[in-house]
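User: I'd like to learn how to read a structure feature by feature. Could you walk me through this one?

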Amino acid sequence: MKLVDNKATLSFSNGSPSVDLPVYGGNIGPDVIDIRKLYAQTGMFTYDPGFLSTASCQSAITYIDGDKGELLYRGYPIEQLATHCDYLDTCFLLLNGELPNEQERTDFHKLVTNHTMVNEQMQFFLRGFRRDAHPMAVLTGLVGALSAFYHDSTDINNPEHRRIAAIRLIAKMPTLVAMSYKYGIGQPYMYPQNNLSYAGNFLRMMFGTPCEEYQVNPVLERALDRIFILHADHEQNASTSTVRLCGSSGTNPFAAIAAGVACLWGPAHGGANEACLNMLEDIQRNGGIAKVGEFMNQVKDKNSGVKLMGFGHRVYKNYDPRAKLMQETCNEVLQELGLENDPLFKLAKELEKIALEDEYFVSRKLYPNVDFYSGIVQRAIGIPVNLFTGIFALARTVGWIAQLNEMIGDPEYKIGRPRQLFTGSPRRDVPAAKK
Ligand code: ACO
């Protein structure tokens, strides 16, 4: 962050003296006005619920240009990473800032692979949940519980602890997600098999059984790996900010990531792919393509409370670049599985076509986001709808941990403590009768 040759001046109409505020620039993207001394200088706070105009930190990990529809991890465009790298290369990049060379790649793959198993005791912990519990409820518990199993990597101020916790989290998330699925359907857990790829191993833990050999389908393996890459990080979104805020108190990395999992669950964030697929299934049940027009009228009616799930984004005011890649993967997977005529896919295409031409969506710059197609791909692979957000959490874990570690290493980091505009009652006394 560097001072730019520009200064902001805040003036007041009530005659209070105006205040000069420094302006800093990053490498790309908007400059920021430094308001850290504003309260000391004026006795006033800024008001920005939802952080519409507030940069909460400086970061060198992920850059989004929402108007252009551009996403870069450490400077590399998501399209190139999704085409030329695998998920573990992407993890290495997010954590270390550079793509791995051949030796680093081999070592990193081996390191992650060596940590895929979870403490056997985890199984007994899992047994305490109802079998029909939502997998995100289970995952929030399991991830939080990791801190109880791995005491030797819970000191957030120790770089070696942070490094081990990062590897453990990336390695164990697929095992935990698959375990929560197997538990729900009453099948035995499948131990990880370390000669498989990260995505291939996950497919086997999900869909294999001890009764027969599981053959990994390379098209589905590649599709899943791409889902992981596309969801690996997305700068300061709600769950990442939650992880940073939680970690800013000095709590252990497992607890901070568990907070991210909990935040991701919401339908306006990671829960959107589940909500999107539920929406498509609802429309299909109520008449399918013939009823799309009626549904769109509801979406446009402010009083209906109905939203077109998988559309719109706080940052992208253009086509989400991940949605384009996901659409490509969606075509490949449906073709591989002979599902080209899948009614939900057709329905999704129809909704997209109408929305991209409709004045309501065009004027509000509402475009499909990654969730619009990722649900269809996951459903085709055989992943149950209520596990979609769990897959997202698995993939995003690396982003959360990279952002958390970046924050701890930043000399300017402080415990996060927003202020408020108080609108409640001023001081008053309890009535005499209650005393
Ligand atoms: N369907 C219909 N109208 C929408 C939609 C939608 N999906 N999204 C936004 N709008 C409308 C809003 O009603 C608002 O209209 P108005 O100006 O007439 O009041 C306008 O577009 C601006 O929307 P905001 O809600 O102000 O945009 P915001 O940036 O706060 O919200 C959000 C972004 C939460 C993602 C929103 O677009 C949404 O709810 N989309 C559906 C859920 C979804 O797909 N979420 C996934 C996000 S991506 C991710 O987490 C991976």
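Analyst: Let's start with a term for surface exposure: buried means under 20% relative accessible area, exposed over 50%, and partly exposed in between (1.4 Å probe, protein chains only). This is a predicted model, in which local features need pLDDT of at least 70 and side-chain atom pairs count only at pLDDT 80 or more, while totals for chains, interfaces and linings use all residues. Residues are numbered from 1 along each chain as its sequence is written, and side-chain values use heavy atoms, with hydrogens and water left out.

User: Is Phe51 buried or exposed?

Analyst: Phe51 counts as exposed because its relative accessibility is 52%. The residue lies in the loop between α1 (38-42) and β4. For such labels, helices (H or I, at least four residues) and strands (E, at least two) are DSSP runs, numbered from the N terminus. Phe51 also has a positive phi, near 50°, and is a residue other than glycine.

User: Which value does phi take in Glu235?

Analyst: Phi of Glu235 is positive, about 40°, although Glu235 is not a glycine. Glu235 sits in the loop between α9 and α10. With a relative accessible area of 22%, Glu235 is partly exposed.

User: Now the sheet, please. What is its strand order?

Analyst: The general idea comes first. Strands of a sheet pair through backbone hydrogen bonds, either parallel or antiparallel. Two strands are called paired if DSSP finds at least two bridges between them. Here, an open sheet of 3 strands has the order β4-β5-β6, with antiparallel pairing. Its edge strands are β4 (62-65) and β6 (76-77), each of which pairs on one side only.

User: How many bridges join β4 to β5?

Analyst: There are 4 bridges between β4 and β5, and Ile64 has Leu71 in β5 as its bridge partner. The hairpin of these strands has 4 residues between them, and Gly69 there takes a positive phi near 75°.

User: Which residues have the most contacts inside the largest nonpolar core?

Analyst: A nonpolar core is a set of buried Ala, Val, Leu, Ile, Met, Phe, Trp, Tyr and Cys residues joined through side-chain atoms within 4.5 Å. The largest one has 117 residues, and Phe228, Leu308 and Leu351 have the most contacts inside it. A second, separate core of 5 residues includes Ala8, Leu21, Val23 and Leu38.

User: And how do I read a helix, such as α17? How many of its residues are buried?

Analyst: In helix α17 (residues 371-381), 10 of the 11 residues are buried, so the helix is largely enclosed by the rest of the structure. Among the buried ones are Phe372, Tyr373, Ile376 and Val377. Contact here means heavy atoms within 4.5 Å. The buried residues of α17 pack against α8 (198-207), α9 (218-230), α12 (272-285), α14, α15 (343-357) and α18. After α17 comes Gly382, with a positive phi near 110°.

User: Where is Thr329 placed?

Analyst: Thr329 is in helix α14 (residues 321-336). Its relative accessibility is 2%, so Thr329 counts as buried. Leaving aside neighbours within four places in sequence, Thr329 is in contact with Ala223, Arg226 and Val377.

User: How much space lies in the second largest pocket?

Analyst: That pocket holds about 280 Å³. It is lined by 14 residues, and Leu95, Asn96, Arg163, Ala166 and Asn405 lie nearest its centre. Helix α7 gives the largest share of the lining, 5 residues.

Terms used: 1 Å grid on protein atoms, 1.4 Å probe; cavity = no way out; pocket = protein on both sides within 12 Å on 5 of 7 lines; lining within 4 Å. Points joined across faces, edges and corners; volume = space filled by probe spheres on them.
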